[in-house]
Amino acid sequence: MNDQVTISPTTLSLNLTINGQAHALEIEPRVTLLDALRERLHLTGTKKGCDQGQCGACTVHVDGERVLACLTLAAQVEGRSITTIEGLAGQDGTLHAVQAAFLDQDAFQCGYCTPGQIMSAVACIREGHAGSDEEIREYMAGNLCRCGAYPHIVAAIRQAAQELRS
Amino acid sequence: MRDFSYLRADSVEAARNAAALPGAMLLAGGTTLIDLAKCGVAEPSTVIDISHIEGLDAIDVTADRAVIGALARMSHVADHTSVKSCFPAVSEALWQAASAQLRNMATVGGNLMQRTRCPYFRDPQNFPACNKRAHGSGCSAIGGATRGHAVLGVSEACIATYPGDLAVALVAFDAEVDLGGRKLKVEDFFLAPGATAEQEHDIRPGEVITAVEIPGSAAARRSTYIKVRDRQSYEFAAASAAVGLELEGDGRTVRDIRVALGGVATKPWRARAVEEALKGKAIDEATIRKASELAMEGAVDHGANHYKIALAPRVIARAILKLGETA
């Protein structure tokens with residue numbers, strides 16, 4: 001059995017794959033993926049809300065699954081594939097069906113929670129958890145919207161789920 | 001968050017060796033450890049990342065038992081077809097816990113190590129007294145705001161509620177936790193506070209949870225998890241019940257019943273008095289409600305959490321009635 005462990009120095013040299021691009025970083029082990037994205041790589045689409053796993057504003061995808069960047073160490077996702085809101089639209093700028101549906105349905109007010117809502121919604125549909133409004137509400141419960149745009153968010157996800165199915 | 005050094009363990013053996021280092025803590029999904037490090041509650045000098053160990057996330061379900069690898073994510077277990085059919089209470093406890101994002105991160109092994117949500121425990125700056133954080137420092141919750149605190153298994157040292165859902169279902173069905181060198185009942189793995197509130201789990205330095213095993217049974221196949229809370233979703237239980245029921249051929253006499261409670265006790269709480277009162281009995285609503293009251297024997301409230309003593313038996317009764325209806 002392999003019993004190798006790699007002991008880190010004070011600073012780690014990491015290679016993160018974000019939206020298909022490789023990024024080299026020198027960071028302390030305690031730096032979260034959220035802070036690495038925003039403060040080091042200037043990918044500020046991912047928002048910092050509560051910074052303690054309660055609001056969903058920092059939702060990103062790791063290997064295609066939605067997670068919270070504020071409770072993920074950057075070091076932990078080296079070797080994984082990370083997608084942020086900046087990586088969702090097509091190369092030519094064509095919006096993802098969920099982004100377009102949020103515009104159609106006016107599914108935000110201040111917009112701060114929106115990147116997290118959209119990343120969560122894309123995964124929610126892909127997981128097969130957008131079958132009914134009730135199911136959408138349950139599986140989107142981890143994304144808070146203090147403006148209270150919830151009915152429009154549910155409508156946008158319902159619309160996008162239908163479009164992506166057909 | 002205090003800085004720490006970061007180690008990536010590539011095998012269980014490496015994780016065991018590293019876990020024995022002073023100040024070392026294991027990192028799997030991170031939903032408890034990183035959160036508590038930010039609160040200033042967890043101050044590891046070394047974080048050992050075990051999330052990249054290969055082969056520890058398998059979910060293997062047969063008619064006899066389920067073996068769930070320690071790194072299996074909560075979402076994957078919740079959605080697993082055989083878990084849903086053979087252990088519905090386990091699936092229901094999982095998908096009603098936390099949020100979709102947290103369930104994608106959190107692992108089954110890490111879930112068993114989840115810490116209490118007691119607001120005094122989580123706030124060392126404002127509340128230095130907490131026996132769970134520092135032995136003998138006192139309890140800020142007793143005499144404080146206690147609406148979410150436990151009524152069962154409490155002591156003078158600690159009244160913090162065990163917050164999880166999965167372990168409640170595991171305790172109901174006699175699941176075991178595999179620590180590599182030894183296996184023990186999940187029920188015994190969790191420790192009531194007594195005079196040593198700082199010891200929440202029967203786990204020793206250098207031990208690593210590798211799997212959870214749940215014996216299959218007719219009661220597990222006909223089971224449910226009901227969770228009552230302040231909001232409909234993404235909230236900890238005010239009271240919850242994992243119940244499994246096996247009836248005789250007549251469709252009304254209890255052959256086997258399992259009852260465990262969450263949200264009201266200091267550890268996942270098996271309600272054996274309720275089970276014993278109903279075994280061999282023909283059940284109707286009155287019998288069920290009377291028996292469910294027995295779960296609260298020995299309950300002690302601290303004012304604002306008094307409602308739990310009335311609520312928990314109703315949650316148990318609702319779960320049994322629901323299972324009875326699906327005969």
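This is a predicted model: local features need pLDDT of at least 70, side-chain atom pairs count only at pLDDT 80 or more; totals for chains, interfaces and linings use all residues.
Biologist: How far apart are the C-alpha centres of domain 1 and domain 2 of chain A?

Modeller: Chain A is divided into domain 1, residues 12-87, and domain 2, residues 97-165. The distance between the C-alpha centres of these two domains of chain A is 21 Å.

Biologist: Which element gives the most to the side of domain 1 of chain A that touches domain 2 of chain A?

Modeller: The contact draws 14 residues from domain 1 of chain A and 11 residues from domain 2 of chain A. On the domain 1 side, β4 (59-62) and β5 (65-68) of chain A each supply at least two residues. By class, that side has five nonpolar, six polar and three charged residues. The element that gives the most, with three residues, is β4(A).

Biologist: Which residues of helix α1 of chain A are buried?

Modeller: Helix α1 of chain A spans residues 33-40. What covers its buried residues includes β3 (21-27) of chain A. The buried residues of α1(A) are L33(A), L34(A), D35(A), A36(A) and L37(A).

Biologist: Which residue with a positive phi follows α1(A)?

Modeller: The phi of this residue is near 55 degrees. The residue that follows α1(A) is H42(A).

Biologist: Is the packing of α2(A) against α5(A) oblique or roughly antiparallel?

Modeller: Helix α2 (residues 97-104) and helix α5 (residues 150-165) of chain A have axes 8 Å apart and pack at an angle of about 140 degrees. Angles count as roughly antiparallel when over 145 degrees. The angle therefore makes the arrangement of α2(A) and α5(A) oblique.

Biologist: How many charged residues has the contact of α2(A) with α5(A)?

Modeller: The crossing of these two helices, α2(A) and α5(A), is right-handed. From α2(A) come A97(A), V98(A), A101(A), F102(A) and D104(A), which meet A156(A), Q159(A), A160(A), E163(A) and L164(A) in α5(A). By class, the contact of α2(A) with α5(A) has seven nonpolar residues and one polar residue, and the charged residues number two.

Biologist: How do the residues of the side of chain B that touches chain A divide by class, and what are the numbers?

Modeller: The contact takes 31 residues from chain B and 31 residues from chain A. On the chain B side, β1 (5-9), α1 (12-19), α2 (33-39), β3 (46-49) and α6 (100-105) of chain B each supply at least two residues. The division of that side is 14 nonpolar, 10 polar and seven charged.

Biologist: Is Y234(B) buried or exposed?

Modeller: Y234(B) lies in the loop between β9 (223-228) and β10 (239-247) of chain B. A residue counts as buried if 20 or more other C-beta atoms lie within 10 Å of its own. Because Y234(B) has 20 other C-beta atoms within 10 Å, Y234(B) is buried.

Biologist: Leaving aside its neighbours within four places in sequence, with which residues is Y234(B) in contact?

Modeller: Y234(B) and S99(B) are 135 residues apart in sequence, yet their C-alpha atoms are 5.7 Å apart in space. With sequence neighbours within four places left aside, the contacts of Y234(B) are A141(A), G142(A) and S99(B).

Biologist: How far apart are the C-alpha centres of domain 1 and domain 2 of chain B?

Modeller: Chain B is divided into domain 1, residues 5-49, and domain 2, residues 218-325. The C-alpha centres of these two domains of chain B are separated by 36 Å.

Biologist: Which residues of α13(B) make the contact with α12(B)?

Modeller: Helix α13 (residues 307-325) of chain B and α12(B) pack at an angle of about 140 degrees, with their axes 8 Å apart. That angle makes α12(B) oblique to α13(B), and the crossing is right-handed. The contact is made by E285(B), I288(B), R289(B), S292(B) and E293(B) of α12(B), and on α13(B) by P313(B), I316(B), A317(B), I320(B) and L321(B).

Biologist: What separates the C-alpha atoms of E293(B) and I316(B)?

Modeller: E293(B) lies in helix α12 (residues 285-293) of chain B and counts as partly exposed, with 18 C-beta neighbours inside 10 Å. E293(B) and I316(B) are 23 residues apart along the chain, and their C-alpha atoms are separated by 8.9 Å.

Definitions and conventions
Residues are numbered from 1 along each chain as its sequence is written. Chains are lettered from A and ligands numbered from 1 in the order in which they are written. Domain bounds come from an automatic or database domain assignment. Two residues are in contact if their C-beta atoms, placed from the backbone, lie within 7 Å. Helices (H or I, at least four residues) and strands (E, at least two) are DSSP runs, numbered from the N terminus. Ala, Val, Leu, Ile, Met, Phe, Trp, Tyr, Cys and Pro count as nonpolar, Asp, Glu, Lys and Arg as charged, and the others, Gly among them, as polar. A residue is buried if 20 or more other C-beta atoms lie within 10 Å of its own, exposed if 12 or fewer, and partly exposed in between; C-beta atoms are placed from the backbone. Axes are lines fitted to C-alpha atoms, for helices over the stretch in contact, and angles run from 0 to 180 degrees between N-to-C directions. Angles under 35 degrees count as roughly parallel, over 145 as roughly antiparallel, 65 to 115 as roughly perpendicular and the rest as oblique. A crossing is left-handed if the near helix is turned anticlockwise from the far one by less than a right angle, and right-handed if clockwise.
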